[in-house]
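Reader: I would like to go through this model and hear what stands behind each term.

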Number of protein chains: 2
Amino acid sequence: MKRICVVEDEVLVREELSSMLENNGYNVSVIDKFDDVSSDILKHEPDLVLLDINLPNLSGFQICRDLKNKSSVPVVILTSRDDLKDELNALELGADEFMTKPYRKERLLLRISNVLKRYEGRSNLLEGPGFLLDRLTYTLYIDGTSVILPKNQGKILEVLLQNRGEEVSRQEISDKVWGTSEFIDENALQVNLTRLKKTMASLNMPCTVQAVRGVGYKIVETEEK
Amino acid sequence: MKRICVVEDEVLVREELSSMLENNGYNVSVIDKFDDVSSDILKHEPDLVLLDINLPNLSGFQICRDLKNKSSVPVVILTSRDDLKDELNALELGADEFMTKPYRKERLLLRISNVLKRYEGRSNLLEGPGFLLDRLTYTLYIDGTSVILPKNQGKILEVLLQNRGEEVSRQEISDKVWGTSEFIDENALQVNLTRLKKTMASLNMPCTVQAVRGVGYKIVETEEK
DNA sequence: AGAAACCTTACATCAGGTGTAAGTTCAAAT
DNA sequence: ATTTGAACTTACACCTGATGTAAGGTTTCT
């Protein structure tokens with residue numbers, strides 16, 4: 001059963017939404033404290049977030065941005081203002097749907113089920129600069145094609161992506177690839193890194209793995225025409 | 001550059017749409033004969049179809065259904081009536097967006113670019129009953145996880161999916177897997193079919209490969225709780 | 001019962017991913 | 001400029017998993 005997290009400060013509307021969703025076969029969790037919203041939401045591990053824009057402390061837009069940065073959960077935005085600017089804003093932030101209140105029950109339900117359908121099987125896709133990586137199979141999607149990375153190269157790319165832009169130490173990579181218990185051959189890692197770089201280059205990916213002397217490695221975007 | 005196919009019978013609106021899209025970096029092709037619309041559309045190999053619902057001969061709904069049956073091209077529906085029924089109908093048919101006229105330029109453009117983004121890298125996904133198959137890597141998406149099929153099993157599943165529901169002869173499968181020129185060992189095919197069935201069963205897929213005595217094989221859905 | 005279509009299992013082979021080894025290049029610091 | 005350790009490269013041997021082969025078993029129709 002799919003879990004939907006409802007983020008709405010008006011208690012009445014919240015309960016109406018909850019019961020409607022529950023009646024239609026969803027598992028609902030609600031947010032009623034509004035300080036660290038985006039983390040709270042993710043703790044529930046929802047399959048979809050139904051988000052009101054007009055909230056007390058934080059702006060709904062900010063929450064949406066946070067959610068999309070920290071995860072790839074789909075977000076449906078609900079608002080009482082019918083404002084084009086809001087809508088453009090929301091969709092640019094990566095929101096998946098935008099609906100104005102008063103909402104028609106059927107319309108909302110259909111859009112929710114549509115968004116969920118759209119995300120089917122996409123839950124394990126990690127987003128990188130200009131490509132997607134399936135965390136389970138290490139299938140790499142780029143430029144309308146797809147390739148399967150060898151397991152080790154996939155794992156390295158995965159750990160680098162999870163720290164997008166940040167340096168990752170050899171140790172961390174090693175742990176990811178072979179597990180923390182195994183003996184680590186510095187060189188084995190080196191060889192696999194070289195292989196990953198070669199693969200990425202041959203795919204014309206818009207980023208590379210860059211060594212940071214004495215520290216580790218990081219992903220950097222390579223801009224080119 | 002992405003190609004958009006505009007399907008709209010009113011010449012004025014059509015030209016307005018076309019020039020707007022072209023000004024925003026799309027390659028536009030228009031439909032102006034309305035007899036065998038869905039085939040005509042697909043001949044242009046569009047990345048997206050912008051479809052008016054109120055057309056002379058055929059209903060826009062029917063076209064949408066045809067398009068979705070024959071391909072996986074995204075469809076954005078445009079209509080002058082703001083009718084909930086229409087919208088529900090359209091979305092159930094698999095339309096990707098639904099917009100009412102008069103449309104706001106920015107809103108339409110944003111939705112189009114959103115839909116295109118959403119389809120990025122998905123162009124090679126074949127849809128089966130309850131799962132998706134990547135035609136290039138034979139990565140299989142089911143139940144929120146993914147698995148890589150061995151090449152031969154993938155190819156067999158692919159050719160079966162392309163003829164969803166229909167029987168496919170051994171010969172056709174063989175051609176797909178080994179190419180028409182190769183010598184065909186009946187048994188090799190048999191073994192690979194068995195392997196595919198085993199794989200599918202172990203994944204709890206909601207369908208199986210069924211032999212049709214003297215003819216070939218087909219995919220059938222297995223209904224179960 | 002018998003034959004033809006279809007299926008199963010086990011095994012040998014082969015390709016591609018992997019770690020190892022041995023060496024080369026690079027870049028910062030003296 | 002020389003040195004030194006970090007970062008990289010290449011070649012090779014090994015191992016895993018996908019594949020084809022072979023031999024035999026089951027089903028289904030007459």
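Reader: How many residue pairs are in polar contact between chain B and chain A?

Author: The model is predicted: local features need pLDDT of at least 70, side-chain atom pairs count only at pLDDT 80 or more, and totals for chains, interfaces and linings use all residues. Residues are numbered from 1 along each chain as its sequence is written. Between chain B and chain A there are twelve residue pairs in polar contact, both residues at pLDDT 80 or more. A polar contact is a pair of N or O atoms within 3.5 Å; within protein, one must be able to donate a hydrogen and the other to accept it, and residues adjacent in sequence count only if both atoms are side-chain atoms.

Reader: Why is the pair Arg107(A) and Glu87(B) called a salt bridge?

Author: The rule asks for a side-chain nitrogen of Lys or Arg within 4 Å of a carboxyl oxygen of Asp or Glu. For Arg107(A) and Glu87(B) the N to O distance is 2.3 Å, so the pair qualifies. The rule finds four salt bridges across this interface.

Reader: What is the area buried between chain B and chain A?

Author: About 2800 Å², with 52% from carbon and sulfur atoms. Buried area is the accessible area (1.4 Å probe) that two parts lose on being put together, summed over both.

Reader: Why is Leu21(A) called buried?

Author: Its relative accessible area is 0%. Buried means under 20%, exposed over 50%, and partly exposed in between (1.4 Å probe, protein chains only), so Leu21(A) counts as buried.

Technical notes:
Chains are lettered from A and ligands numbered from 1 in the order in which they are written. Side-chain values use heavy atoms; hydrogens and water are left out.
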